[in-house]
Amino acid sequence: MFQERYRQIERMLRECTDEEDVLLTTGGDHADLASTVAFKLAKKQRRPPHQIAGDIAGRLAADPDLGDIQVEAQGPYVNFRFGPSLLAEAVREALEPGYGELPGHPERVVLEHTSANPNGPLHVGHIRNTVIGDSLARAFRKAGYPLEVQYYLNDMGRQVAIVAWGLDHLGIAREEGEKEDHYVARVYIAANQRIQENPAITEEIDHLMQGVERGDPETAGTFRAAVSLCVEGIRATLAALNAHHDRFVWESDFIRIGDVDRVIEQVRRLPQTHEDETLWIDLSEEGFEKKYILRRSDGTSVYSTRDLAYHTWKGRNYDRVIDVLGADHKLIGAQLQATLGLLGERVPEIVYFEFVSLPEGSMSTRAGKFVSADDLVEEVTAKAFEEVTARRPELSIEERHAIAESVAIAAIRYDIVKVSPEKSTVFNWIEALNFERQSGPYIQYAHARACSILEKAGEFERAYRYETEHEVALARHLALFPAVVERTVAELRPHHLAAFARELADLFNAFYHYNPVLKSEGETQISRLTLVDAVRNTLQESLETLGIDALRSM
RNA sequence: GGGCUUGUGGCCUAGUCAGGAUAUGGCGUCAGCCUCCUAAGCUGAACAUCGGGGGUUCGAAUCCCCCCAAGCCCGCCA
């Protein structure tokens, strides 16, 4: 409803003013839609803007095409407000299963996110990547794109060599019940300590790395075993977070199948490429000062070379390539984009997010200085279990535990996704454990309330008459959801979805407080029940795009 | 030193790309609301030189310039 009306009003304003951009935006409290085009015309027509706005409103009001939209000039603003039949239409649409879905797009999208190095568990910095990436993936699916989500597994880096060496030489045993990735981190930290004490070990590490680059089967096997072990733990964490990857892509495969050699050949033909003891590209014309080295003097490839091969492959198999990367990748990401551009390959769209640090400073897997995602989930789940037990002592332990798990993931994911990605953040236990207002559980709670009312009401005939301020505000807000999905995908910024869901919960709670549903009667009651059902459905759909369970009871 | 990003009440945050109507919410503080659809809720109060200074404009949190502060990056690491 909203998007159609937006386009309609935009078109009518264009015809009425002969302006290409009619400055149409949402009008906040004043209106559903509002235009400031009168300011722009004031200069050209040398008339005061309020007069022009009045003329425009007068002419549009006389146009029968406007239908159930009221138009009014308020000073220099031309305000549009949706009438009762449009609000009814909005509620009707919001009741549909899958509400918010957009017409399908043909472009196949590949979205890469998380891709943390397999040398330890995911920590609270990594999962910002996970939550942003997974929410975006869900938004893309809702927006009608065929999508594949990938995890790029760095299985031949120096850290992996260090882990493999540590597993071989340090004799550290896995503890009873210790998760694979946490065990790997322990070995990695210990191995790094050992290297610091005895730098000669570095040569052994180099030797391992050359072996894996040559494709030496024994070394490759050790690396693969180390990586597989860690990935098992990482997968479990991702699953707990409700984040799903369709495919894990192993970096070393691009060497094994010859893609790295092929991309080197391609690079060689570029006029910007130089070959001395190393192979490098001069990207100074693209604004980069340093050499972009793609082959070491010992003939081995670097991370960038393999990444180039990976992105070439993605670009040839998908219509859009999207990466979610930490801000520390900005330079190499830009170099990658520039190089792919020179090669005539598809250039990826990159979503950057700023760093998450701890109050005592930035995190480091090597130094063992991090809060793991698993510890976070455990702590938050324990707190959620306490809360559920206090509120719903009559539920069984199993039921309370299931609710606590969902509430914990909601709290964690929402806490991360609500902040726009370009803000750096400091991890804060107090906020992570807060389930009030601007939180995932708060939105889940609004949903559960709606479910509870509907369950008590039983069967009812639908009706769509909305008069109170709270009813109208809710219906207006419901109408925005598809536009929010569209905006999220257009801007690659999932925090819009978080804000929409929270505002909907806010409006519903206010409505709940002031407009009784079950105690009302007649058409008012069935209209309110219909509205509650539409809110329930829209909350469910928006929570789904955020990867949060829409609990029916909590 | 250079580049990128950020700077909004005590704390966190929306709005900045597409400049407009009294700057969005939350936490915390203070004062209220459960004989009433789940109080993980609702209401009210106090709290803001939108980092600072210039400029453009009828109009700037938003655009331009300078400065300050914080984070990140600048490897034949990944």
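Mentor: Across the interface of domain 1 and domain 3, three residue pairs are in polar contact, with both residues at pLDDT 80 or more; a polar contact is a pair of N or O atoms within 3.5 Å, where within protein one must be able to donate a hydrogen and the other to accept it, and residues adjacent in sequence count only if both atoms are side-chain atoms. On the domain 1 side, α1 (2–17) and β2 (31–35) each supply at least two of the residues that touch domain 3 (helices, H or I of at least four residues, and strands, E of at least two, are DSSP runs numbered from the N terminus).

This is a predicted model, in which local features need pLDDT of at least 70 and side-chain atom pairs count only at pLDDT 80 or more, while totals for chains, interfaces and linings use all residues. Residues are numbered from 1 along each chain as its sequence is written, chains are lettered from A and ligands numbered from 1 in the order in which they are written, and side-chain values use heavy atoms, with hydrogens and water left out.

The rule also finds one salt bridge across this interface, that is, a side-chain nitrogen of Lys or Arg within 4 Å of a carboxyl oxygen of Asp or Glu. R476 forms a salt bridge with D32, and their closest N and O atoms are 2.4 Å apart.

About 540 Å² is buried between domain 1 and domain 3, with 46% given by carbon and sulfur atoms; buried area is the accessible area (1.4 Å probe) that two parts lose on being put together, summed over both. Of the area that domain 1 buries against domain 3, F2, Q3 and D32 supply 72%, more than any other three residues.
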